[in-house]
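Q: Hi! Could you walk me through some side-chain contacts and ring pairs here?
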Amino acid sequence: MPAALRQLVAETWVFRRQEELDASLRFARLAGALKALTTPEALVELARRAAEDERRHAGMCELMARAYGQEVMPPVPLVARETAPRDLGLRERVLYEVVAACCISETESTAGLTSVLAVEGPPRVRAVLRDILRDEVAHSRLGWACLTHAAEAGDVSLLSPYLPEMLEESVSPRLFAKGLSAADSATLLAHGVLPHARKLEVFIQALHDVVFPGLERCGVDTTPGRQWVERRRQSGA
C-alpha cells in the first residue's frame, strides 16, 4: 500500500479510537442518568454494557492504528461533553442524547460498517470490524428501545426541532477520500475505511430507510431533519 494511503488508514483508526473513547464516557454517563430516571433496569444495563463495549473497541482501534504505522496517540478524553440543550429538563436532555447517540449515530455506524464489510480485506481488519459492528447494532437497539419506552410514557414530539442539531453532530468532518481515484477508494475499503462519497451515500440512505421512519413511528415529525438533508445535498456536503 502506498505510504499516503497507509497514513490515511492509520489516521482513520485513530479517529475511530477517539470516537469510541468519547462514546464510552457518554454511555457511562447515560447509564447513570437513565437509572436516576427510573428507566427499566434492562435498558440501564444495556447502557452500562455499551460503555464497556466502546472501551474495548477503542483498544482494538488503537492496535489497528499502530499496525498501520501510527506511533503517537491523542490524549484519552476524561469527560464526555453533553450535547443536549441546557434549557431542556433532565428527562428531555437524556432522551435527546440517547436518540442522538444511538438512534442516529450508532445506526449510522452500523450502516457504514456493514458497507465496509461488503468488500473483502485483510482477515484481521474484517475480524475487528465484525466485532465492532455486532456491538453497534446492540447500541442502536438500545436507543430505539429507550425512545419507544419514552413514547409509550408520553409525548416525544419535542425532539423534532432538534433533529438538525443531532444530525450535524453525527456528521464526520473527515473528508479524507475526496478526490481519490477509484483504485485508491477500493484499497481504502479493503482496509476498513469508507471513502467520502460512499460514506455520504450510506449516511443519507440510512436516514431515509431506518432513522426517519423509526422516529416517525414514535411520533417525531422528521420534517426538520429531512430539510437538513436537502440543504446539505444542495450545498454539496
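A: Happy to. One term before we start: a polar contact is a pair of N or O atoms within 3.5 Å, and within protein one must be able to donate a hydrogen and the other to accept it. Keep in mind that this is a predicted model.

Q: Which side chain does the side chain of D131 make a polar contact with?
A: That of R56, at 3.0 Å.

Q: Where is D131 found?
A: In helix α4, which covers residues 123–153.

Q: And is D131 buried or exposed?
A: Buried, because its relative accessibility is 18% and the cut-off for buried is under 20%.

Q: What else does D131 touch?
A: Leaving out residues up to four places away in sequence, D131 touches H57 and M60 as well as R56.

Q: Switching to rings: how many aromatic pairs does the structure hold?
A: Two. Y96 and Y162 form an edge-to-face pair, 5.7 Å centre to centre with 75 degrees between the planes.

Q: Which parts does that pair tie together?
A: Y96 lies in helix α3 and Y162 in the loop between α4 and α5, so the pair ties together parts that are 66 residues apart in sequence. Both Y96 and Y162 are buried.

Q: What about F203 and W228?
A: They are also an edge-to-face pair, with 6.2 Å between centres and 65 degrees between planes. F203 is in helix α7 and W228 in helix α8, 25 residues apart. F203 counts as buried at 12% relative accessibility, and so does W228 at 5%.

Q: Last one: which ring face does R16 lie over?
A: The face of W13, at 4.6 Å from the ring centre. R26 lies over the face of F27, at 5.8 Å from that ring's centre.

Methods:
Residues are numbered from 1 along each chain as its sequence is written. This is a predicted model: local features need pLDDT of at least 70, side-chain atom pairs count only at pLDDT 80 or more; totals for chains, interfaces and linings use all residues. Side-chain values use heavy atoms; hydrogens and water are left out. Helices (H or I, at least four residues) and strands (E, at least two) are DSSP runs, numbered from the N terminus. Buried means under 20% relative accessible area, exposed over 50%, partly exposed in between (1.4 Å probe, protein chains only). Contact means heavy atoms within 4.5 Å. Rings of Phe, Tyr and Trp (its six-membered ring) pair if their centres lie within 6.5 Å; planes under 30 degrees apart count as stacked, over 60 as edge-to-face and the rest as tilted. A charge sits over a ring if NZ of Lys or CZ of Arg is within 6 Å of the ring centre and within 35 degrees of the ring normal.
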